[in-house]
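Dear colleague,

Please find the structure below, handed over for your own work. My notes on what was found in it follow.

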Amino acid sequence: MTTYTPKSILITGAAGFIASHVANRLIRNYPDYKIVVLDKLDYCSSLKNLLPSRSSANFKFVKGDIASADLVNFLLITEEIDTIMHFAAQTHVDNSFGNSFEFTKNNIYGTHVLLEACKVASGQIRRFIHVSTDEVYGETDEDAVVGNHEASQLLPTNPYSATKAGAEMLVMAYGRSYGLPVITTRGNNVYGPNQFPEKLIPKFILLAMKGQPLPIHGDGANVRSYLYCEDVAEAFEVILHRGEVGHVYNIGTKKERRVIDVAKDICKLFSLDPEAVIKFVENRPFNDQRYFLDDQKLTNLGWSERTLWEEGLKKTMEWYTTNPNWWGDVTGALVPHPRMLMMPGIDNGSSGSSQQAVITKSNSQSRMVVRVPKSGSAGGVASPRKPSLKFLIYGRTGWIGGLLGKICEKQGIHYEYGKGRLEDRSQLIADIQNVKPTHVFNAAGVTGRPNVDWCESHKPETIRTNVVGTLNLADVCREHGLLLMNYATGCIFEYDAEHQEGSGIGFKEEDKPNFDGSFYSKTKGMVEELLNEFENVCTLRVRMPISSDLNNPRNFITKISRYNKVVNIPNSMTILDELLPISVEMAKRNFKGIWNFTNPGVVSHNEILEMYKNYIDPDFKWNNFTLEEQAKVIIAARSNNELDASKLKTEFPELLSIKDSLIKYVFEPNKKVHANGIA
C-alpha cells in the first residue's frame, strides 16, 4: 500500500468542530508537516477549538472566507500548499430549511473557488480531500441490512445535503477534467467536545444541565449512527496517508441508535426521568428515517472505530459540564427548530473588517495583513438576538475608563472595573474568574503627570505599566479566549517625506512607527509591535483626545486654551464623545487588529482655538510659537501627524470629519450666547 506524505496542508473550516480535532491531531502527531488552517469564524466555530495547537511551531491560523478567490490563491502560492483538506461548510439541516441560499453560497460556491484555485496552481496540489456527508445518499430503507456503499446513487432530500451533493459533483468534475488529485469522504454523525450545541447531542446535554425539556422531532424513531470525534480524526489521518486519488471513502459505524434512545441515554447520565424530561415537537419539513453506511473500504485501509458509545457519551458530557460557557449565549441554538438568524451574533475572533484576512504564526515569528475584495467578506451572520455582554474595564480612575463606564450604564451593559494591577498576572486572572467577562477593555496606562515629560524621569514605572502590564493583560485574555480592546496612541508617528504636513496622506494601520522622540511614545510603539503577536487584541490608536467636558484638564482643548503659547500644526485627533461608543460597538462585533482611532482629516491648534473663541469665549486670545521655541520649554519632543482613518470610516460611514465632529459634539453643546451672534 502506497503511503502519501504531505508537506504543507491547508485545512478549511479548521476552527469548527470536526476539522479542529483533525487539525489538532495532525499538528500534534506530525511536527514536520506545516498546517495552515483557514476559517472565517462563523457562529459555530471558535479559535478556542484550536487552543491545543496554538503554541506549535508548525501551526498557522488564517482568518478568511474560502469564497475569496484572491485570498485562496495567495495562500496556495505563499504557503506552498500541496494538500487541501476541505471541511468548511454550513452543516445544520434545520438551518438549511430557513437559509438555503447561504448553504449554496458556502458549500457549492466556496468549494468551486477552492477547486479553481487548485487548477490555476497547475500541478502544485497533490491531494484535495473533500469532506462530504452520509446525507447525500438520502434515506436508507428501514429493512436494509447492507449500508450505502461509495458507488451508491446520490439522492439528497434537504437543502443541506443537496448542496453537499452539488459540491461533490464539482469535485468529481475537476478530478476528471483537470486531473486534480481528489478524494471524497462521506461520514456519519460525529459527536464529542467542542461541538456547537445546535446539533442533537450537545444540545440535549446543555438542556439536561439546565433541567430543561429535551425536544425530539416527531416520534423520535428516526435512526442515526454516531462516531466519536477522535475516531473520526483518526479516520482522516488514515485517508490522508493511505487514501487513493479518485476514490470515495465512507466514514461510518454499523451501530445505530434511535433519537429517542439517545435522549434516554443522556437522561440516564444526568439521573433524569425520561418520561418527565423528553418533549415531542413538530417534525422537520422532511426528516430522513435512516442513514446507513458500508464502511468496508475504509476498514481495508486499516481504520476501525475505537470508542464505545457509552464511553464517548460520558466524555462528551464531562467536557460540557466542565466548559458550560465555551460557546457563550447559545439560547437560540437550544430551541426545537433553530435557524441561523437565531444564533448568537458572535464572530468568535473576527477582525470585524470586511476587507481583511489576518495571518498569524503561533511561534510569534510573523504577522501579515492581506487585502481581499468585499466579496471575500469573512463576517458572521448577524443576529437580532443580542448576546449577554459583560465588560471588564481597566483604568477606573482614568479619563477614558471613567467614560466607558458611563457608556455601559447608558447602554445597559453589565460592567465591572478591574481591581488587579496590570503587572500582576495572578490578580488579572482573579479578576477574570470573578467577573467572567465577555470582553476586556484596557484604558489603563501611564501618559504623564501633567504631561509626557513625566515619563522621561520615571522610565521604570512607564515600562512597567505601558509595556509589561499591557502584554500581561493581552496574554491572560488570550489564555481565557477573551477579546482585549486596547486603547493605544497614534503619537508614534511624525510627518515625513512620504507623509508631509498638509498633503492629506496619512499614516495607515500597517505603517511602522517612525517617532520615538519621547519615552512615552517609545514604549507605546514598542508594545504595539509586540501586540501584533496576539490575535485576540484590538488596538485603537487614539490621538490628542477631546471631549465635550471642557473642564477636564486632560481634554486637549482645555490644555491648549490654558497655555500661554501654542504651536500651530494640523493633527489627527479623537473626539471621545463620538468614538468611544464606536469602540463599544467594535467590541460587540469582535473587531481585531490595529485601527487608527481618530476622526477623518486634520485640524490645527489655531483652528480649534478660533472655534473656542467663536463658541465659548469671544474675548479669548492666544499666541503662537515655533517648534524650535516650544522645544526650549518641554523636555521630550511631541508627535505631530495625520493618521489615515479610512479603514474606520469604511466600517462606520456615519463617522464625522474632525472639524464637523468638534462642532457637533464639543462646541455646539457648550456654546455661549454673546455679542457676535452665536446663540
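Aspartate 475 has its place in helix H15, which spans residues 459-479. Please note that the model is a predicted one. With a relative accessible area of 18%, aspartate 475 is under the 20% limit and therefore counts as buried. Its side chain is joined to that of arginine 478 by a polar contact of 2.9 Å. Beyond residues up to four places away in sequence, aspartate 475 touches Arg425 and Phe534.

An open sheet is formed by six strands, in the order S16-S15-S17-S18-S19-S21, with parallel pairing. Its edges are strand S16 (414-417) and strand S21 (593-596); each has a single partner strand, so one side of each is left without a neighbour in the sheet. From one strand to the next, the twist averages 20°.

Within this sheet, strand S15 (residues 390-394) pairs with strand S17 (residues 439-442) in the parallel sense over four bridges. Tyrosine 394 has asparagine 442, in S17, as its bridge partner.

Two helices may be described together with the sheet. Helix H16 (residues 519-531) lies across strand S18 (483-489), strand S19 (537-542) and S21, and runs at about 150° to S18. Helix H18 (residues 576-588) lies across S15, S17, S18, S19 and S21, and its direction is likewise at about 150° to S18.

In soluble globular proteins, nonpolar side chains tend to be buried together. The largest nonpolar core here has 71 residues, of which Ile11, Val37, Met85, Ile201 and Ile266 touch the most other members. Helix H7 gives the most to this core, with eight residues. Another core, of 31 residues, lies apart from it and includes Leu389, Cys408, Leu580 and Leu648.

Valine 37 is in contact with Ile11, Ala14, Ala23, Leu50, Phe59, Lys60, Phe61 and Val62, leaving aside its neighbours within four places in sequence.

**Helix H6**

How many of the eleven residues of helix H6 are buried? Eight are, so helix H6 (residues 200-210) is largely enclosed by the rest of the structure. The buried residues are Ile201, Pro202, Lys203, Phe204, Ile205, Leu206, Leu207 and Ala208. They pack against strand S7 (189-191), strand S8 (214-217), strand S9 (223-228), helix H8 (259-269) and helix H11 (309-322). Glycine 211 follows H6 and has a positive phi, near 70°.

Threonine 133 is found in strand S5 (residues 127-133) and counts as buried, at 6% relative accessibility. Its side chain makes a polar contact of 3.2 Å with the side chain of aspartate 134, and the side chain of threonine 133 also reaches the backbone nitrogen of glutamate 135 at 3.1 Å. Not counting residues up to four places away in sequence, threonine 133 touches Tyr160, Lys164, Thr185, Arg186 and Gly187.

Valine 245 is found in the loop between helix H7 (229-242) and strand S10 (248-251). Its relative accessible area is 39%, and valine 245 is thus partly exposed. Apart from neighbours within four places in sequence, the contacts of valine 245 are Arg127, Pro181, Val182 and Ile183. Between valine 245 and proline 181, the C-alpha to C-alpha distance is 5.4 Å, although the two are 64 residues apart in sequence.

With kind regards

Terms used
Residues are numbered from 1 along each chain as its sequence is written. This is a predicted model: local features need pLDDT of at least 70, side-chain atom pairs count only at pLDDT 80 or more; totals for chains, interfaces and linings use all residues. Side-chain values use heavy atoms; hydrogens and water are left out. Buried means under 20% relative accessible area, exposed over 50%, partly exposed in between (1.4 Å probe, protein chains only). Contact means heavy atoms within 4.5 Å. Two strands pair if DSSP finds at least two bridges between them. Axes are lines fitted to C-alpha atoms, for helices over the stretch in contact, and angles run from 0 to 180 degrees between N-to-C directions. A nonpolar core is a set of buried Ala, Val, Leu, Ile, Met, Phe, Trp, Tyr and Cys residues joined through side-chain atoms within 4.5 Å. A polar contact is a pair of N or O atoms within 3.5 Å; within protein, one must be able to donate a hydrogen and the other to accept it, and residues adjacent in sequence count only if both atoms are side-chain atoms.
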